[in-house]
Amino acid sequence: MLSLTNEMGKDQEYLAVRRFNWRAENQGWIHPSQSGFRSGRSVDMAVGGVVAPVEHAISRRRAVLLMVFDVEGAFNKSWHPALLEGLAQRGCPPGLFCQVASFLRDRKCVLVINGYSASKELTRGFPQGVIWSTSLWNIHDDRVLHHLDDIAEQLKVQGRIKEDEAEGLGESKPGAYADDNWNLQEGDPDDLGALVQCGGKLLVEFFRRCKKAKIAYPPERRALDVTLGSR
């Protein structure tokens with residue numbers, strides 16, 4: 001879904017987004033592990049955030065479970081109420097909140113073919129081709145990384161993830177670049193069953209939570225990989 005605005009609209013949007021991004025970065029609205037669409041971040045940093053922990057685990061002869069998720073229709077299917085709820089939870093100032101709500105309200109998609117037209121009101125999606133969309137996506141996707149953090153903490157409390165990395169399961173580390181999300185989980189190479197079981201428990205709860213915000217991960221866009229350190 002593409003959306004083009006006139007020059008005056010882009011100028012106003014640019015000023016509003018600068019203000020929005022400043023608050024997002026300085027008031028902790030975005031998870032520190034999100035590397036997409038952020039000043040001073042890059043895809044190289046995102047890759048390093050995966051490679052470095054894996055290499056560190058291998059050097060200590062640990063196993064690593066990497067779970068990768070790609071959001072289905074990330075920009076086109078993002079649910080507006082979930083985004084607005086996220087902004088309200090972050091204490092977004094009323095002026096900025098109303099600008100975002102107005103930007104998303106009363107949007108319509110019109111298709112014209114051979115003189116025939118059809119239209120549909122949109123309650124999902126961040127229009128591509130405008131400045132707002134990437135900033136709004138980071139807020140919307142932020143719940144994904146926090147879900148991974150929260151679930152890992154719950155499993156730790158339940159005794160499924162050990163704080164001592166020398167034995168049992170180690171720390172869970174989520175990350176993201178735009179709409180590509182992942183989670184790294186260390187484990188004992190002599191007990192891969194416990195590692196995979198823990199990953200399964202995390203995934204079940206993770207997909208359940210994401211479903212509430214209408215964030216979908218189709219099976220063909222999910223991947224699991226286990227890396228073992230040298231013996």
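Which side chains meet in a salt bridge at 4.0 Å, N to O? The side chains are those of Asp 150 and Arg 209, and the legends below set this pair among its surroundings.

This is a predicted model, in which local features need pLDDT of at least 70, side-chain atom pairs count only at pLDDT 80 or more, and totals for chains, interfaces and linings use all residues. Residues are numbered from 1 along each chain as its sequence is written, and side-chain values use heavy atoms, with hydrogens and water left out.

**View 1. Asp 150 and Arg 209 link two helices.** Asp 150 sits in helix H6 and Arg 209 in helix H7 (residues 192–212), so their pairing ties together parts that are 59 residues apart in sequence. A salt bridge here is a side-chain nitrogen of Lys or Arg within 4 Å of a carboxyl oxygen of Asp or Glu. Helices (H or I, at least four residues) and strands (E, at least two) are DSSP runs, numbered from the N terminus. Asp 150 is partly exposed at 40% relative accessibility, while Arg 209 is buried at 15%. Buried means under 20% relative accessible area, exposed over 50%, and partly exposed in between (1.4 Å probe, protein chains only).

**View 2. Glu 205 also pairs with Arg 209.** The closest N and O atoms of this salt bridge are 2.9 Å apart. Both residues belong to helix H7, and being four residues apart there, they are separated by about one helical turn. Glu 205 is buried, with a relative accessible area of 18%. Through shared partners, salt bridges join Asp 150, Glu 205, Arg 208 and Arg 209 into one network.

**View 3. Arg 90 meets Asp 142 in a salt bridge.** Seven salt bridges are found in the structure, and in this one the N to O distance is 2.4 Å. Arg 90 lies in the loop between helix H4 (80–89) and helix H5 (94–104), and Asp 142 in helix H6 (residues 132–157), so the pair ties together parts that are 52 residues apart in sequence. Arg 90 is partly exposed at 22%, whereas Asp 142 is buried at 3%.

**View 4. The largest pocket has a volume of about 200 Å³.** A pocket is an open set of points on a 1 Å grid over the protein atoms alone, with protein on both sides within 12 Å along at least five of seven lines, where a 1.4 Å probe fits; lining residues have an atom within 4 Å of a point. The volume is the space filled by probe spheres set on the points, which are joined across faces, edges and corners. Of the 14 lining residues, Glu 85, Gln 89, Arg 143, His 147 and Ala 213 are the closest to the centre. H4, H6 and H7 each give two or more residues to the lining, and H6 gives the most, with five.

View 5. Ala 178 has a phi near 60 degrees and is in the loop between strand E4 (172–177) and strand E5 (180–187), but Ala 178 is buried at 8%.
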